[in-house]
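Here is a short briefing on one protein structure. Please have the sequence and the coordinates open while reading.

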Amino acid sequence: MIQQKRVGIWIRVSTELQVKEESPEHHEARARYYIQSKEGWQIMEVYKLDAVSGKSVMGHPEAK
């Protein structure tokens, strides 16, 4: 029996330019494909932090 693994997708791009060039939707799609390739993994939540700096991400409510 395969143990179910509950996972979340964390989408973060740090600048507006990155949001425009490599869309958060593209990042999410890639993460979903990866998770689908793993047996027993189930997406529980998608966290989106557009244009949030890596320096301040841990203080963001989504990180808690």
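The points below cover the overall layout, the aromatic pairs and one lysine in a strand.

This is a predicted model. The protein has two helices and two strands. Their order from the N terminus is β-α-α-β.

**Overall layout**
- Of the 64 residues in the protein, 19% are buried.
- The accessible surface is about 5100 Å². Carbon and sulfur atoms supply 49% of that area.
- Take the contacts in the protein with a separation of 6 or more: 66% of them join residues 24 or more positions apart.

**Aromatic pairs**
- How many aromatic pairs does the structure hold? There are two.
- One of them joins tryptophan 10 and tyrosine 47. The ring centres are 5.7 Å apart, with 40° between the planes, and the pair is tilted.
- This pair links distant parts of the chain. Tryptophan 10 belongs to strand 1 (residues 5-13), while tyrosine 47 belongs to strand 2, 37 residues apart.
- Tryptophan 10 has a relative accessible area of 38%, so it is partly exposed. Tyrosine 47 is also partly exposed, because its relative accessibility is 25%.
- Tyrosine 34 and tryptophan 41 pair as well, with ring centres 5.9 Å apart. Their planes meet at 75°, over the 60 degrees cut-off, so this pair is edge-to-face.
- Tyrosine 34 counts as partly exposed because its relative accessible area is 46%. Tryptophan 41 has 27% relative accessibility and is therefore partly exposed.

**A charge over a ring**
- Which ring lies under the charged end of lysine 38? The ring is that of tryptophan 41, and the charged end sits 5.9 Å from its centre.
- Tryptophan 41 thus has two ring-based links: the pair with tyrosine 34 and the charge of lysine 38 over its ring.

**Lysine 48**
- Lysine 48 lies in strand 2, which spans residues 41-50.
- Is lysine 48 buried or partly exposed? Its relative accessibility is 46%, so it counts as partly exposed.
- Leaving out residues up to four places away in sequence, lysine 48 touches Ile11 and Glu28.
- Isoleucine 11 is 37 residues from lysine 48 in sequence. In space, the C-alpha to C-alpha distance is 4.8 Å.
- The side chains of lysine 48 and glutamate 28 are joined by a polar contact of 3.2 Å.

Terms used. Residues are numbered from 1 along each chain as its sequence is written. This is a predicted model: local features need pLDDT of at least 70, side-chain atom pairs count only at pLDDT 80 or more; totals for chains, interfaces and linings use all residues. Side-chain values use heavy atoms; hydrogens and water are left out. Helices (H or I, at least four residues) and strands (E, at least two) are DSSP runs, numbered from the N terminus. Buried means under 20% relative accessible area, exposed over 50%, partly exposed in between (1.4 Å probe, protein chains only). Contact means heavy atoms within 4.5 Å. A polar contact is a pair of N or O atoms within 3.5 Å; within protein, one must be able to donate a hydrogen and the other to accept it, and residues adjacent in sequence count only if both atoms are side-chain atoms. Accessible areas come from the Shrake-Rupley method with a 1.4 Å probe; for residues, only the protein chains shown count as cover. Rings of Phe, Tyr and Trp (its six-membered ring) pair if their centres lie within 6.5 Å; planes under 30 degrees apart count as stacked, over 60 as edge-to-face and the rest as tilted. A charge sits over a ring if NZ of Lys or CZ of Arg is within 6 Å of the ring centre and within 35 degrees of the ring normal.
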